[in-house]
Amino acid sequence: MSEPTTNELGWMLDDVLKVPEARNAILLSADGMLRAHSAGIDRDDAERLAAGLSGLQSISRSTAEFCGPSTSPWRQTLIEFGHGYVFLVAAGEGAYLAVSTGVEVDMEAVTYRMHKLVDRLGKELSTPARPATGSRT
C-alpha cells in the first residue's frame with residue numbers, strides 16, 4: 001500500500017493555526033504515518049514527527065490505569081517544553097491531530113479549535129484511503 005503524495009487535508013489543518021502562538025499541525029495515523037501537515041512544516045519533518053507522536057500516544061494510552069480503569073479511552077496528551085507546547089488529540093479511529101505552539105498560547109483556544117476541526121472532518125480523518133483493487137465494478 002502506498003501513501004498519498006499529496007497533502008489534500010493540509011489546508012484544513014491551517015485553520016487550527018489561527019490562534020496566536022500556534023505554529024504547526026500534523027495529522028497522523030496510529031501506526032505513525034503522516035496523513036496531512038500544515039503549510040509551515042515540510043513533509044520530511046512532518047513524517048519524522050508523526051512517527052514520534054504515534055509512539056507518544058501509545059505510551060500515554062498505556063498509563064490509563066493511573067487515573068482510572070485501564071479501558072478508559074485516551075483523549076489527549078500535552079507536552080510542555082521551555083519554548084512551547086505540543087497538543088496531541090484523538091481525531092477518530094486510528095487518527096491523531098498534533099499542534100505545536102509557543103509558550104504564550106491560549107491553551108483553551110487551541111484545544112477548542114482542534115476538537116472543532118476533528119468534529120468538522122469526522123469520517124475524513126478516521127477512514128483510510130482504500131487501496132486499488134484492480135476491479136472497476
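Strand 3 (76-81) and strand 4 (84-90) run antiparallel and are joined by six bridges, where strands, like helices, are DSSP runs numbered from the N terminus (E, at least two residues, for strands; H or I, at least four, for helices). Within this pairing, glutamate 80 stands opposite tyrosine 85 of strand 4. The model is a predicted one, in which local features need pLDDT of at least 70 and side-chain atom pairs count only at pLDDT 80 or more, while totals for chains, interfaces and linings use all residues. Residues are numbered from 1 along each chain as its sequence is written, and side-chain values use heavy atoms, without hydrogens and water.

Five strands make up an open antiparallel sheet in the order 2-1-5-4-3, two strands being paired if DSSP finds at least two bridges between them. Strand 2 (34-37) and strand 3 are the edge strands, each pairing on one side only. From one strand to the next, the twist averages 15 degrees.

Helix 2 lies across strands 1, 2, 3, 4 and 5 and runs at about 70 degrees to strand 1; angles, from 0 to 180 degrees, are taken between N-to-C directions of lines fitted to C-alpha atoms, for helices over the stretch in contact. Helix 3 (residues 107-121) also packs on the sheet, touching strands 3, 4 and 5, with contact meaning heavy atoms within 4.5 Å. The direction of helix 3 makes about 30 degrees with that of strand 4.

Helix 2 (43-61) and strands 1, 3, 4 and 5 each supply at least two residues to the lining of the second largest pocket.
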